[in-house]
Amino acid sequence: MTGLRHIKRQRIHEAISTAAITLFLERGFGAVSVAEVAAAAEVSKPTLFKYFATKEDLVLHRIADHQGEAARVVRRRGPQEGPLDALERHFLAGLERRDPVTGLNDHAEVLAYHHMVFSTPSLAARLFHYMAMDEEALAEALAEGADDLTAPLLAGEVLAVQRVLARRNWRRLAAGETAARVHPEAVRAARHAFALVRNGLGAVWAPGDTEPR
């Protein structure tokens, strides 16, 4: 019964999510009420809030599915692989499989979804809430092999790098380029960005410089 109950909850969760995303993309996030989403999913409003704490979570749960992913990558890496190497490898693999969280997915619905998230202030603010939790989880994973200052600093840098790379990829696709065309440059940009984290920005921009070296 526990298994059947779990399957039922997953189906309801997916039905609510699908209804919400469909309505939001058709009419805009601000133009659709939670009550309308509940009606479309054929559940009550109180039931909807049992599955999603806020209206924003109806959208961002797709990103929340990756919650703690960076920390898991660090903890599951091989004994001979460094944390930063593992995180870089994982991001490059995401680019290869066109994972939407890398920004390199040119499916029309994915592009529209990212546009909605980035252009809606309340969604962008909620997204930073998820990112803060991810940063804390990654710092905890890194702290198992680093001091209590290095771990949070590195966690913040890595997640900022991933965010900037993903936004950069999405903007190029939103401008009309294909994922296949952008992929080689996205790989080069990711390798360069992780190299900057690994070597420090001082390697390309030292104190007193007015331009990068």
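The second largest pocket of this predicted model has a volume of about 150 Å³, where a pocket is an open set of points on a 1 Å grid over the protein atoms alone, with protein on both sides within 12 Å along at least five of seven lines, and lining residues have an atom within 4 Å of a point. The volume is the space filled by probe spheres set on the points, which are joined across faces, edges and corners. His13, Tyr51, Phe52, Ala53, Asp57, His61, Ala64, Asp65, Arg126 and Tyr130 line this pocket. By class, the lining has five nonpolar, two polar and three charged residues, with Ala, Val, Leu, Ile, Met, Phe, Trp, Tyr, Cys and Pro counted as nonpolar, Asp, Glu, Lys and Arg as charged, and the others, Gly among them, as polar. H4 and H8 each supply at least two residues of it, and H4 gives the most, with three.

The largest pocket has a volume of about 850 Å³, and of the 34 residues that line it, Ile63, His66, Pro100, Val101 and Thr102 are the closest to its centre. Its lining divides into 18 nonpolar, eight polar and eight charged residues. At least two lining residues come from each of helix H4 (57-64), helix H5 (69-76), H6, helix H7 (108-119), helix H8 (121-142) and helix H9 (150-174).

These helices belong to a protein whose secondary structure comes to 10 helices and zero strands, helices being DSSP runs of H or I with at least four residues and strands runs of E with at least two, numbered from the N terminus. The C-alpha atoms fill a box of roughly 60 × 40 × 30 Å along the principal axes. Of the 213 residues, 37% count as buried, that is, under 20% relative accessible area, whereas exposed means over 50% and partly exposed in between, with a 1.4 Å probe and protein chains only. Among the contacts with a separation of 6 or more, 65% are between residues 24 or more positions apart, a contact being heavy atoms within 4.5 Å.

The structure also holds three aromatic pairs, defined as rings of Phe, Tyr and Trp (its six-membered ring) whose centres lie within 6.5 Å, with planes under 30 degrees apart counted as stacked, over 60 as edge-to-face and the rest as tilted. One of them is the tilted pair of phenylalanine 91 and phenylalanine 194, at 6.4 Å centre to centre and 50 degrees between the planes. This pair links distant parts of the chain, with phenylalanine 91 in helix H6 (residues 83-96) and phenylalanine 194 in helix H10 (residues 179-199), 103 residues apart. Both phenylalanine 91 and phenylalanine 194 are buried.

Two other rings have a charge over them, which requires NZ of Lys or CZ of Arg within 6 Å of the ring centre and within 35 degrees of the ring normal. The charged end of lysine 55 sits over the ring of phenylalanine 29, 4.5 Å from its centre, and arginine 167 lies over the face of phenylalanine 118, at 3.9 Å from the ring centre.

Most residues other than glycine have a negative phi. Glutamate 42, in the loop between helix H2 (34-41) and helix H3 (45-51), has a positive phi of about 60 degrees although it is not a glycine, and is exposed, with a relative accessible area of 73%. Arginine 98, found in the loop between H6 and H7, likewise has a positive phi of about 60 degrees, but is partly exposed, with a relative accessible area of 25%.

Residues are numbered from 1 along each chain as its sequence is written, and side-chain values use heavy atoms, with hydrogens and water left out. In this predicted model local features need pLDDT of at least 70 and side-chain atom pairs count only at pLDDT 80 or more, while totals for chains, interfaces and linings use all residues.

Conventions: 1 Å grid on protein atoms, 1.4 Å probe; cavity = no way out; pocket = protein on both sides within 12 Å on 5 of 7 lines; lining within 4 Å.
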